[in-house]
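The sequence and the structure come first.

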Amino acid sequence: MSKKRVSVIGAGPAGLKAAATLAANGIQVKLFERSNLTGGHLSQWHTLFPTLEPASDLIQSLQSSLDHPNIELLSLKSIQSMHSINGKWEIISTEGERFESDAVLIATGFKLFEANRKEEYGYGMYPQVVTSADVEAIFNGQQNWPFQAEVTPLRIGLVHCVGSRDAKCGNRYCSKVCCVTAVKQAIGIKKKFPEAQVYCFYMDMRMFGVGYEELYHTAQTKYNIQFIRGRLSEASPSEGSRVQVKAEDTLMGKPIKLILNMLVLMVGMEPSFQLRKQENDFYFEQNSFGDGFMQPLDPWIGSNSYNQSGLFMAGACKGPSSLPEVIQDAKAASMEICNYLNTVL
Amino acid sequence: MSSLYAQLQSDIRFQEGLTACMNCGVCTAICPAAAYYDYDPREICQEVQSQDEQTLIHLLKSDTIWMCGQCLSCKTRCPRDNTPGYIISALRTLSQQTGYFAHSRMGRQQLRIKRTVGESILKEGYCVHPKLLVPAEHPEQGPVWQWALDHGKELFAQLGSNYYEEGEGGVRKIDDQTLGELNAIFSETGGLDFFDRIEEGMKNRPAAEENQDSLF
Amino acid sequence: MNPTSWKDYQKQIPDDHFFFVRSCIRQSLFPGAESAMLRIMKDFLHKDVYEDPRHTTCTGIGYHSDVVLLETIMTVVARQLALMTEAGYKNLLVSCVTSFGIYLEIFEMWHNFPEKLEDTRQSLLRATGREFEIPESIVHTSDVIYHFRDEIAAFSNLRLVNAESGLPLKAVEHVGCHYAKIFPSGGFGGAEFPFVLSGLIESWGGEVIDYPERRHCCGFGFRQYLLRENRGYSLSNSKIKFESMAPYQPDFILTNCPGCNMFLDRWQYTLAEMEGKTYDKGGLGIPVLTHEELAGIMLGMDPWKLGLQMHQVQVETLLDKLGYNYSKKEKYYIAGKPTVLPQKPSVLLV
Amino acid sequence: MSVDFGFYAAPVRSIDLDKPLSSEIELIFEKEPSLHRCISCGQCAAICTAGHFTKMQFYKINLKAHRGESEHVKELAEKCMLCGKCQLVCPRGVNIRHGILLMSELS
């Protein structure tokens, strides 16, 4: 009897982990990736919260499992649509190639909020305004700090909730990982520039994961990072290649004004793709304003299933998630797929 | 009489102005009133969404609601699509309708606005016109404004205006029939009654506060 | 309307046939600017602009200072629209940013609460016997100047550059809150960086200065200005702007809204009297121009027919930098004859 | 010419974080670093006996000190009766009594 076949769409952490798990269970996996790299956003990160381990360790571990006879990686392959006929799934690339499998796992992940959409923060206008992704690139040595290292006093601000919890951006949800990322980056900045004054502008400190609250505690006590409860209202250029920012210190009940050498926008997550169903076909489309993430069958038991037999989903395509959650979700989805292949087919 | 919150909710500006505030403070951050007064639009949203009758009475009797300058900068930025400036408009209307405005110093200022701008609309057809900007009351208009008023008719003519004369053009005299229509609109829409409420509210203002500030 | 980036957002402007409504403040304090607007439209651009002498204030200042009810202002606005409907026009041209905001806000409320529109129709009918249509388009005067900026430039040999050095003049713009902060789609470029003024400056050769308090309110505040004891609000907020722009040494301030224009002009005088300082180096203040006045200068109009002598901050430093041809001594002439000069301020040089 | 305007320009009310903290305040933080741990949860204020009768709210005083708004810190800290209940409930283990004592000794 021939092996069962599964198509996994997206070779980020969820896709990699799922491919490895499925392959280990004797399933033939085709792993589709639109770029020429695997690892998704993870390959851009410098360190991981809350342990501050290098991101490269995790990515190497995930990538090493690709070296399995049951996994075929198809890079630079974008998927346009798919449909199911007589219990078989056919997926079609943008070049029109067709691939058949017994089940499909969507692991298309997220894309970062485009910070220039928050015009009032001046990203793309003022070089001192950068995103959290830029800060990772700076730590990786791929970009430069937007100020002279010897400048004193050095003041740096981090703004939470950029493109999240924001009806004006069409995203009412919380992106979940930005708070702890801000704490992680603030600590990283303080380690690099011990004399810097670092401020986090937050609305709620959503320290939901193991070790996160402790990291926040460390940021306050060991690094004297100032947490200001107030959302940033605007950034504007100031003299001496700096930016002026305005917020309210809501705990003081007073407006607050501050001139910074660098402003970091903690950009949230948006779905990479939307799934649009037209008759029997599913199309992958760019999401537009106000579109949410992909919806599984239900948020509890069916959280890895789509409302169509043989179609599964895992990871951040369903909503903002942390890396441990994504990896766990990929394992869970793989188990669901195994069950499906063993019982339904 | 229904509760104050129910009355607020019947104002469409309130419906458009408040969904649910999450206290982020972006409104206060750029609020010109918060830069000057001890004023915080976020806190007003918070108090209003408590729906508590006593809190609302306190607010309607306070100076606070009169500190907003209606620039509506808050509308642009609110991540929850609220507009604190609209909530203020609804609160101010209600404060005048209930007579609570006469309990606060800044609330009582409404009488002077009603007697200047309000009555100017009905008499002249303009909120503001040159002769209303009396230099003694408007020293900031500077000596050039005194000069402009001294030469009103000729100066405005040179600048293409029709200074308090009938016909078209700037600062023209508005004809009697038009003023009649304006008055009819005010009468029809409750605008004249509202003017009366402001006058009456001031007559009935709490005795203890009677001498705390002069009317003019 | 939620474009991903407002930078690309272009507002649609009709090419011709406008129904013109005036501004209480502009016609009172800057009457030459409003006249210039009509001259530009009619004499230079040959557009059809109609003014009905029976139109009145929109009551916006009364509304925002809370002595005019929402129902009342809606019906007054409806009456202006009725005059427009009767005259057969569909494009409303508004000379005031407060009014512009009022019209947009009321149209939005009528859209969201159709029963309010019906109430207004009934109220207007009962009070005046008139009926109205909602306009097809609503534009502010600066929208039209911006729309026709290249045509205006084509009539002009002037560029916004220093005639001596050849360098672009440095300008700060103040757009005015009610232009696009209430309804970003109502203005060119959205709420944060509308280019209705900056686009004029740049396409006429000047340089726009971005400064920290660029988007801060001038501080009008309606009731905060109308009452003398509250005026510190207005003054203090303009002061925030002046202190923030001063280090950039702008050659002039360009405004959209007649109220802002008044405050940015008059508060410079007031602050000079109170605190003994000006925000330029020469003690002459930073000249403040409205968009129509700047367009008038581009078209070579006589500054004393544009009404620039009604500004408390002198404008001659700007005109001289431009190498503009005008008569210095005729500034306070009326009907060709000299008048007794206005008193000199004690600090601000004129 | 001297004009009586009847109003004046007031200083901006915003908290100015560009202004460095006073050395006295910095010294307090040095002596009692646990003050940095506060997350403004408000438990100290909820349980405070002095707070029933005065404006004593420890987390707010501590915030004022952190934001450089120190003009009323001493006078507010002096309202404390040093009963120490706040310290028992503080989830971040801030040494409130010591902090308050240091603040009440400000010049």
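Glu32(D) sits in the loop that links helix 1 (23-31) to helix 2 (43-47) of chain D; helices are DSSP runs of H or I with at least four residues, strands runs of E with at least two, numbered from the N terminus. The model is predicted, and local features need pLDDT of at least 70, side-chain atom pairs pLDDT 80 or more, while totals for chains, interfaces and linings use all residues. Residues are numbered from 1 along each chain as written, chains are lettered from A in the order written, and side-chain values use heavy atoms, without hydrogens and water.

Glu32(D) is buried and has no salt bridge. Buried means under 20% relative accessible area (1.4 Å probe, protein chains only), and a salt bridge is a side-chain nitrogen of Lys or Arg within 4 Å of a carboxyl oxygen of Asp or Glu. Beyond four places in sequence, Glu32(D) is in contact (heavy atoms within 4.5 Å) with Asn95(D), His98(D), Gly99(D) and Leu102(D).

| Pair | Relation | Distance |
|---|---|---|
| Glu32(D), Arg37(D) | nearest side chain of opposite charge | 6.3 Å |
| Glu32(D), Ser34(D) | polar contact | 2.7 Å |
| Arg42(B), Glu248(A) | salt bridge | 2.8 Å |

A polar contact is a pair of N or O atoms within 3.5 Å, one able to donate a hydrogen and the other to accept it; residues adjacent in sequence count only if both atoms are side-chain atoms.

Between chain A and chain B there are four salt bridges. At this interface, 20 residues of chain A are in contact with 19 residues of chain B.

Technical notes. Buried means under 20% relative accessible area, exposed over 50%, partly exposed in between (1.4 Å probe, protein chains only). Lys and Arg count as positive and Asp and Glu as negative; His and the chain ends are not counted.
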